[in-house]
Amino acid sequence: MTAGPMRPRIVAVETLDGLAQDHPAAMRSRRDLRRVHGAMGTRSIVLRALRTMQQTQRQATPLKVLELGAGDGSLMLGVAQALASAWPPVELTLLDRQSVVERTTIERYAGLGWSAVAQVIDVHDWAAAATHAAPPGRAAARWDLIIANLFLHHFEDAQLVALLGAVAATTDCFFACEPRRDWIALAGSHLVGVIGANAVTREDAVLSVHAGFRGKELTALWPASAAPWQLQEYPAGLFSHCFRAQRGEAN
Ligand SMILES: C[S@@+](CC[C@H](N)C(=O)[O-])C[C@H]1O[C@@H](n2cnc3c(N)ncnc32)[C@H](O)[C@@H]1O
């Protein structure tokens, strides 16, 4: 059910974002998130999207991949486990403003041939740096792929315009999997207690759906550019909404 009189996006500060990273309720909520992803089928949704992204855009070795708002890096680890045998080596940067990637997670990436580093920075600072002219003699950082999961919905549209502008300036290939703002997802978000989620996760699940996306809302925020981009925005699974952008002409 993607049609219906859903209200416009409402972005509220999520409870997890207001807790210290080592607060027990925050640590528990981050673990809950893994089960929430299981219920949402996020790993499969991400895999399906990445496998169908143009082969030609995956020829650099090693691939430079950036995840924005990566959290503890566990979702992407599941993706890496499924992709590692088919992909070249990957240099993965897990960007988040909290330092919550465990050493064992980095080691598990290494076991797959992916060298992962955590970058602790606010994404707005990253975006500002990414869109500033590179100093003479230094090229701006380029990424073969930028990805975001359950992240873009944290931001108001005006912030997303700046953020997506920075993404478009630094990669040819972007994918995001976000909460879908519809009645099914809203009903699901009220039921996350069923999978044992704590109060923080239960509250944030509902807030996330109200801040989620539908239709072509992310496409509308993508920067207009002279260069051609292929943009796709679509519902996925029961609760998710995806956006992908690839530079280049359609085949
Ligand atoms: C809902 S969690 C998703 C984590 C991970 N992507 C996943 O799907 O498991 C959102 C993450 O965004 C991070 N975050 C929120 N606002 C941020 C900001 N302004 N800059 C960087 N990270 C931010 C939070 O710390 C949190 O780890």
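**Cores, helix contacts and selected residues**

Lys64 lies in strand 1, where strands (DSSP runs of E, at least two residues) and helices (DSSP runs of H or I, at least four residues) are numbered from the N terminus. The model is a predicted one, in which local features need pLDDT of at least 70 and side-chain atom pairs count only at pLDDT 80 or more, whereas totals for chains, interfaces and linings use all residues. Residues are numbered from 1 along each chain as its sequence is written, and side-chain values use heavy atoms, with hydrogens and water left out.

With a relative accessible area of 28%, Lys64 is partly exposed, a class that falls between buried (under 20% relative accessible area) and exposed (over 50%), as computed with a 1.4 Å probe on protein chains only. When residues up to four places away in sequence are not counted, Lys64 touches Glu91, Arg142, Trp143, Asp144 and Leu145, contact being defined as heavy atoms within 4.5 Å. The C-alpha atom of Lys64 is separated by 18 Å from that of Thr52, a residue twelve places away along the chain.

The interior can be described through its nonpolar cores, each a set of buried Ala, Val, Leu, Ile, Met, Phe, Trp, Tyr and Cys residues joined through side-chain atoms within 4.5 Å. The largest nonpolar core has 30 residues, of which Leu50, Met76, Trp87, Leu92, Tyr109, Trp114 and Phe175 touch the most other members. At least two residues of this core come from each of helix 2 (42-52), strand 1 (63-68), helix 3 (74-83), strand 2 (90-96), strand 3 (114-120), strand 4 (145-149) and strand 5 (173-179). Tyr109, in the largest core, is in contact with Gly73, Met76, Leu77, Ala80, Leu92, Leu94, Trp114 and Ala116, once its neighbours within four places in sequence are left aside.

Helix 3 is largely enclosed by the rest of the structure, because seven of its ten residues are buried; these are Leu75, Met76, Leu77, Gly78, Val79, Ala80 and Leu83. Helix 3 packs against helix 4 (residues 103-111) at an angle of about 15°, with the two axes 10 Å apart, where axes are lines fitted to C-alpha atoms, for helices over the stretch in contact, and angles run from 0 to 180 degrees between N-to-C directions. Helix 3 is therefore roughly parallel to helix 4, given that angles under 35 degrees count as roughly parallel, over 145 as roughly antiparallel, 65 to 115 as roughly perpendicular and the rest as oblique. The crossing of these two helices is left-handed, a term used if the near helix is turned anticlockwise from the far one by less than a right angle, with right-handed used if clockwise. In this contact, Met76, Leu77, Ala80 and Gln81 of helix 3 meet Thr105, Arg108 and Tyr109 of helix 4. The contact residues comprise four nonpolar, two polar and one charged, where Ala, Val, Leu, Ile, Met, Phe, Trp, Tyr, Cys and Pro count as nonpolar, Asp, Glu, Lys and Arg as charged, and the others, Gly among them, as polar.

Helix 5 (residues 123-131) and helix 6 (residues 157-170) form another packed pair, with an angle of about 50° and axes 9 Å apart, so that helix 5 is oblique to helix 6. This crossing, too, is left-handed. Helix 5 contributes Val123, His124, Trp126, Ala127, Ala130 and Thr131 to the contact, and helix 6 contributes Gln159, Ala162, Leu163, Gly165, Ala166, Val167, Ala169 and Thr170. Nine of the residues in this contact are nonpolar and five are polar, with no charged residue.

Several further residues were examined individually. Thr93, in strand 2, is buried at a relative accessible area of 10%, and its contacts beyond four places in sequence are Val65, Leu66, Glu67, Val117, Gln119 and Trp143. Gln98, in the loop between strand 2 and helix 4, is also buried, with a relative accessible area of 14%, and touches Leu19, Ala20, Gln21, Arg30 and Val120, residues up to four places away in sequence not being counted. Leu150, in the loop between strand 4 and helix 6, counts as buried at 16% relative accessibility, and its phi is near 45°, a positive value in a residue other than glycine. Ala39, by contrast, is found in helix 1 (residues 24-40) and is partly exposed, with a relative accessible area of 48%.
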